[in-house]
Every structure is written in C-alpha cells, then in structure tokens.
Amino acid sequence: MPRAFLIVIDSVGIGGAPDAAQFFNGDHPDTGANTVAHIARDAGLRVPVMDALGLGAAVTLASGDVAPGLDATPTGAWGAATEVSIGKDTPSGHWELTGVPVPWEWHVFPKTEPAFPDAVTKRICALAGTDGILANRHASGTAVIDEEGPAHLKSGWPICYTSVDSVLQIAAHEEVFGLERLHKLCADLAPMLHEMKVGRVIARPFTGEAGNFKRTANRKDFAIAPPAPTLCDYVHDAGRTVHAVGKIGDIFSMRGIDDLRKGPDKALMGHLHDLMGEAADGAFVFANLVEFDSEYGHRRNPQGYGAHLDWFDAELGELLDHARAGDLVIVTADHGNDPTWIGTDHTRERVPVLVHGIGTKALGQLAFTDVAASIADHLSVPYSGEGASFL
C-alpha cells in the first residue's frame, strides 16, 4: 500500500500570483515579489535536489522570472500552484493545500496604537490577572521582545502584538510569567478571537534577560478550526495513520491527526527521516518547516534564507534516497515571504509543487487544492473536497 509525504517549506514562494496587486506590504503592492528568484539573485542558491525535481522550471512557469543558477532539466514532476483564499497566511495556505479554501475574509487589526479593541484588551487582562498589556501594536516578534522585555520583567504584563496577518501574538518570559500560564492564557483567549474570525492566537515564550532575550521552541498556535473536512480528516477516517510534523497539529486543531512530532527545524527534519523508515503502508506524513519564514523571511535576510534552503535541499536528497517504491513525496509552500521585498510581511505568490514518485512530468499551472486531491488519489481514500488529481 503506498504512502504519501507532504512537506511544506514555509513561505518559499515563486512569484507570479495573478492577484498580487491586491496584497500589500505597507503601501507597496506585492506585484513582482519572488522569494526563490530574488534569493537566488542576491544570495545564490545551491539546491540541486529541488532543481532536479523542477524548482527552476516552476519559477519560470509561475512568474516568467529566471532564478540564477537554477537551470537543471527536470527529472521529477513539477508545477506552480495558485491560491484563491483571501489571505497570504499560514492557515489559508495549509487549509487550501488540504482541499479547503478559506470561505471568509480574515479579521486583521489596524496599524494603530492601540491595535486591539478595548474588549480584547480587557479580556486578556482578565485572563492573565494583570492590570494591563504591553505593546498593543503591529511589531516584529523579536524586536518587540527586545523593546518590551524589560518592562515585562518588571510589571508581569504580557506583550501583545500583531501584524498584517490575522493573528494576535502574546509573548511572555517562560520563568517570570510561566510557560503553562502563557499557553493557558492563549487557549482561553482563542475562542473570542476565533469568533471574530482572527485566524490564530500564538503563544511566543522567551527566556533570558534584558539585552539577551531569546525565543524558545515552545511556541504554540491556537488556530481556528477548518470549516470543512480536510485531507487529514479523509485519510484518518479511512483508517490510515496521519503523522503531523511541526506546527501542523496547531494549524488543524489536531483534527484528523494521529501522531504529532514537534521541535525546531533540524529536529523536524530528524522526525521526517524517522518517519521515512517507520511510517506504515498507507500512512500520510504532513510536515511544515518554519524557520525559512520566522527566522529569515520576516527579518529580510536573503543570505540566511538561502543558506537554510541549501541545508534543506541536502536533507531532502537524503530523505528521497530512503523513499520506498510507491512513495509519493510532494514539496510545496503555503505563501511567499520575499526577503528582498519592502516591509516585513508575507508576499502574495504562487508556490512550487515538486513531486518525487510519479516520474518526469510537467504538471503546469495547478490549484492549491489539486495537492489534496492527488494525495487522496495516491492513497486510494474517499475524498469529496475540492481539487483535481494530477497523477
């Protein structure tokens, strides 16, 4: 019985989204953003495994751009996928890849100070047992911890911030505020935010002291549940095992997931290697690797982003070397985050769909939902979600 591996390399867009002009970084539209092509241009890329699968060809198909150094003749199956959900965020991309485009427009908070309505602020204070909150604005996660961390240590007030995404993030010191207390605060706040159609409440724990704060791997996302069955549900309901690696469990509220494995990117790749050997026949392994986005994309660091892609490519080569006959391995992304672009936010882009296990094939322009339909087809599980199989 075949197995399927879906690996989302978070934010690795390839440009060309037809509606990019409707999405912005500040006042600047995302038209022309291209995460892979611009990293290749400014920092160089050494990704022979993904290029052989068709990454360079997918960049050109998606956007018309040529990524310098990515010129291999594809020996895998490759295409470019276009999103229809009204958002360039993690839940929208992941849900749509599993067959469920987002049917609503997400609520986002304005770029004002304060950013949050009084009712939200009062609810946070009541749940946290504090007289106030810190930040209450759009901010970069690492910068806001540096800026507000000393006041947090003194007052005990949680650091609450947002971005152009539909999210409310709460940062707190693991020892001073307490990790369990932070997770409970976010879990208890989430229902109110989900009712507002805010996609996620994210706990962002950190440690250290003023001048040396460091975020930890104990992040936890409390995401609104998908509005319809996803690929995870279909595979689980067919009696197969669904393994989630990284923040997949949070994104899907653990629905349809049997096994969850977390940690930083290097640990997540270790889990993928383990599952390549351990996963049973008929299993679905769904992984998200996140450091591309949080560590390099938002920080506008093309050199770091490129180096991390080089690392991933080498690991992917080893992973594919141990794939079994009949395994389907798909590498894709959920949105863009061009590190050469204006601002610090995600960028609206098409994403690559690189496939090992079905031979050499130009898949053309795809829908995100085609990924779900194709995996269901490969696993021979009943599926009534959106999308068409490219197998």
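**Salt bridges and a helix face**

In this predicted model, R255 is partly exposed, with a relative accessible area of 29%. R255 forms a salt bridge with D233, and their closest N and O atoms lie 3.1 Å apart. Because R255 sits in the loop between α9 (248–251) and β12 (259–261) while D233 belongs to helix α8 (residues 231–237), the pair ties together parts that are 22 residues apart in sequence. D233 counts as buried, at 9% relative accessibility.

The whole structure contains 19 salt bridges. Another of them joins R137 to E147, with 2.8 Å between the closest N and O atoms. This pair links distant parts of the chain, R137 lying in strand β5 (residues 134–138) and E147 in helix α6 (residues 141–155), 10 residues apart. R137 is buried, at a relative accessible area of 14%, whereas E147 is partly exposed, at 48%.

Because they are four residues apart in helix α7 (residues 174–195), about one helical turn separates them. K184 is exposed, with a relative accessible area of 52%, and D188 is partly exposed, at 29%. Elsewhere, D19, E83 and R348 are linked in a network of salt bridges.

Helix α10 (residues 265–278) shows how burial can be arranged around a helix. Its 14 residues reach 19 Å from first C-alpha to last, close to the expected 20 Å. D265, L268, M269, L272, L275 and M276 are the buried residues of α10. Seen down the helix axis, they fall within an arc of 115°, so they line one face of α10. On the other side, K266, G277 and E278 are exposed.

Conventions
Residues numbered from 1 in each chain as written. Predicted model: local features only at pLDDT ≥ 70, side-chain atom pairs only at ≥ 80, totals over all residues. Heavy atoms only, no water. Helix = DSSP H or I, 4+ residues; strand = E, 2+ residues; numbered from the N terminus. Expected span 1.5 Å × (residues − 1). Buried < 20%, exposed > 50% of the residue type's maximum accessible area, 1.4 Å probe, protein only. Arc of directions from axis to C-beta. Salt bridge = Lys/Arg side-chain N within 4 Å of Asp/Glu carboxyl O.
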